[in-house]
Amino acid sequence: MRVADAGAAGQLPEASPPGAESAVRRALRAEVERARGRRAGQPVRVLDVGGGSGVWAVPMAAAGCRVTVVDTSPNALAALRRRARDAGVADQVTAIQGDVQALADSVPAGGADLVLGHGLLEVVDDVAASVGQLAEAVEPGGAVSVLVAGRHGAALALAHAGRLAQARTVLTDPGGRSGPTDKLQRRLDLSGLRGLLETAAQLSIELVQGEGVFDGWLPAAVLEADPAGADELSRTVASTPELIVLAAQLHVLARRPATDLAG
């Protein structure tokens, strides 16, 4: 997956350091442990909106979570069922065909401990309404994880590939699109993403990090020669404010206030 395309399908770039655990997966693992504490031994309830074929859902089910995936594509949901069956977690995964902007029609409000919106906000028609739906689906005290394609990282990758006009368009277009044939509705920057989560969804941001800051820039030989060093560098870079804006994907973990009562 090229740097400029990262996030379009909610998947991590393929150029992560060999054997490294991504910053996003580390954050989700920590959040699942936190939710286990609240659940007092009951399985953690994860809602993956736009989760497609289960890139995120199946590993979380394998970790003991009960995962519900809501997606508009019947083909993607069929692939999810196959992947879950092959992984031996079919009984842990529920697939529902539905739309994020009518999420309340598919799942109960406040019914999830953790809601994922990965590779989702780039493709929805009404991004503010969609963020609001994600927030309503999580229980008070629970978290919403959002992973989006970054505007500045995409521009840098396009410029590096010699596509200078498209790079400039990504920076100047209100939605961060590279042109009329762009498959994404938008790319976001950190300030825009923060504003959506804090204002449109009334969530409290706890973690901001970048995924894929160096992907596509460091030669594979360098990463393979020192996997441990590459992993340590990746961990440091993911949370370095000056570098987060250049990431292929921006990741934010935001929490619904524990005092927020559903309805």
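Guide: Helices (H or I, at least four residues) and strands (E, at least two) are DSSP runs, numbered from the N terminus. Keep in mind that this is a predicted model: local features need pLDDT of at least 70, side-chain atom pairs count only at pLDDT 80 or more, and totals for chains, interfaces and linings use all residues. Residues are numbered from 1 along each chain as its sequence is written, and side-chain values use heavy atoms, with hydrogens and water left out.

Visitor: Is Gly 54 buried or exposed?

Guide: The cut-offs go like this: buried is under 20% relative accessible area, exposed is over 50%, and partly exposed is in between (1.4 Å probe, protein chains only). Gly 54 has a relative accessible area of 0%, so the word for it is buried.

Visitor: Which residues is Gly 54 in contact with, leaving aside neighbours within four places in sequence?

Guide: Contact here means heavy atoms within 4.5 Å. With those sequence neighbours set aside, the partners of Gly 54 are Pro 59, Leu 80 and Arg 83.

Visitor: On to the sheet. What is the order of its seven strands?

Guide: Two strands count as a pair if DSSP finds at least two bridges between them. The sheet is open, with mixed pairing. Its edge strands, each pairing on one side only, are β3 (93-97) and β6 (204-211). Read across, the order is β3-β2-β1-β4-β5-β7-β6.

Visitor: Which residue in β2 stands opposite Arg 45?

Guide: Strand β1 (residues 45-49) and strand β2 (residues 66-71) run parallel, joined by five bridges. Opposite Arg 45 you'll find Arg 66.

Visitor: How many residues of β7 are buried?

Guide: Look at both faces of β7: Gln 249, His 251, Leu 253 and Arg 255 are buried on one side, and Leu 250, Val 252 and Ala 254 on the other. β7 is largely enclosed by the rest of the structure, because the buried count is seven of the seven.

Visitor: Which residue in β7 is the bridge partner of Ala 143?

Guide: β5 and β7 pair in the antiparallel sense over seven bridges. In that β7 strand, the partner of Ala 143 is Arg 255.

Visitor: And which residue in β7 stands opposite Gly 210?

Guide: Here the pair is β6 and β7, antiparallel over seven bridges. Facing Gly 210 is Leu 250.
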